[in-house]
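This report covers selected backbone and packing features. The structure is shown first, and the notes follow.

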Amino acid sequence: MKTLLAISSAPNRDSNSTTLLEEFCRGAETAGVHVERVHLYDLHLPYFDYENRKAEPADNVANRDIKKMEEFLINSHGLVIAAPVWNFSVPAILKNFLDRISYIGRVFKHKKSMHKQPNLTQLHCYYIFTFGVPWYGWLFDSLAYYHTTLTLWYCGGKNHGLLKASDCGNGSTNVVKNRPKLLHKAYKKGRWFAQKYLQENSL
Ligand SMILES: Cc1cc2nc3c(=O)[nH]c(=O)nc-3n(C[C@H](O)[C@H](O)[C@H](O)COP(=O)(O)O)c2cc1C
């Protein structure tokens with residue numbers, strides 16, 4: 001059974017992006033995929049620096065969680081990342097996660113080469129972004145997806161799509177849990193993604 005790694009980068013478990021992510025995961029599970037759910041706020045991920053860039057020693061408290069994520073990334077065939085757009089970018093916790101996996105994202109594969117090569121070439125990727133600014137900010141919000149999708153592409157991942165949800169608020173107003181059509185769309189996208197890219201005989 002192939003594994004889909006599902007990463008949520010919002011602080012709250014009932015947030016809009018995490019709710020859509022959960023629907024996506026439920027859809028993927030109906031297609032027979034094992035889903036590994038990770039809430040970034042549950043991890044201990046000190047900011048990237050030149051001491052921890054290689055995440056060694058692995059049993060150091062600053063490295064344990066990133067090592068676990070490294071194992072998930074290497075052993076998964078699918079990755080779905082969900083995030084709210086914050087200040088036309090991604091939440092710092094997601095950016096830091098992407099920075100911290102950069103040492104496994106590209107590695108030296110050829111002895112004579114001076115350049116690192118993409119290392120996550122088995123990963124099929126999908127993204128879920130929620131946002132709240134009026135329409136005139138949407139173009140700038142797209143910077144958040146470009147950063148994230150480009151980073152995964154640079155590491156070898158294959159990007160297959162993006163589910164966006166506008167007009168998302170916090171708390172009780174404008175929440176996706178009151179939008180059954182959108183929830184169903186996320187569910188269907190998860191099933192489609194798993195069927196197309198993560199079943200045994202898929203691409
Ligand atoms: C610190 C912060 C910055 C935000 N910046 C933006 C922004 O630049 N663009 C936008 O469309 N929405 C912005 N929002 C609104 C959030 O994107 C929106 O509330 C969020 O998508 C809801 O999803 P969530 O429940 O998963 O957090 C911001 C919200 C916060 C808390």
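## Loop between E7 and H6

Asn-174 sits in the loop that runs between strand E7 (158–165) and helix H6 (180–198). The model is predicted, and in it the phi of Asn-174 is positive, near 50°, although the residue is something other than glycine. Asn-174 has 15 other C-beta atoms within 10 Å and is therefore partly exposed; a buried residue would need 20 or more.

## Loop between E2 and H2

Ala-55 is located in the loop between E2 and H2. This residue is not a glycine, yet its phi is positive, at about 55°. Is Ala-55 buried or exposed? Ala-55 counts as buried because it has 20 C-beta neighbours inside 10 Å, and the criterion for a buried residue is 20 or more.

The peptide bond joining Glu-56 and Pro-57 is cis, with omega about 0°. Pro-57 belongs to the loop that lies between strand E2 (34–39) and helix H2 (64–75).

## Nonpolar core

How many residues make up the largest nonpolar core? It contains 47 residues, and the ones with the most contacts inside it are Leu-4, Leu-20, Val-80 and Ile-128.

Leaving out residues up to four places away in sequence, Leu-4 touches Ala-28, Val-33, Val-35, Ser-76, Gly-78, Val-80, Ala-194 and Leu-198. One of these partners, Val-80, is also listed among the residues with the most contacts inside the core.

How values were computed
Residues are numbered from 1 along each chain as its sequence is written. This is a predicted model: local features need pLDDT of at least 70, side-chain atom pairs count only at pLDDT 80 or more; totals for chains, interfaces and linings use all residues. A nonpolar core is a set of buried Ala, Val, Leu, Ile, Met, Phe, Trp, Tyr and Cys residues joined through C-beta atoms within 7 Å. A residue is buried if 20 or more other C-beta atoms lie within 10 Å of its own, exposed if 12 or fewer, and partly exposed in between; C-beta atoms are placed from the backbone. Two residues are in contact if their C-beta atoms, placed from the backbone, lie within 7 Å. Helices (H or I, at least four residues) and strands (E, at least two) are DSSP runs, numbered from the N terminus.
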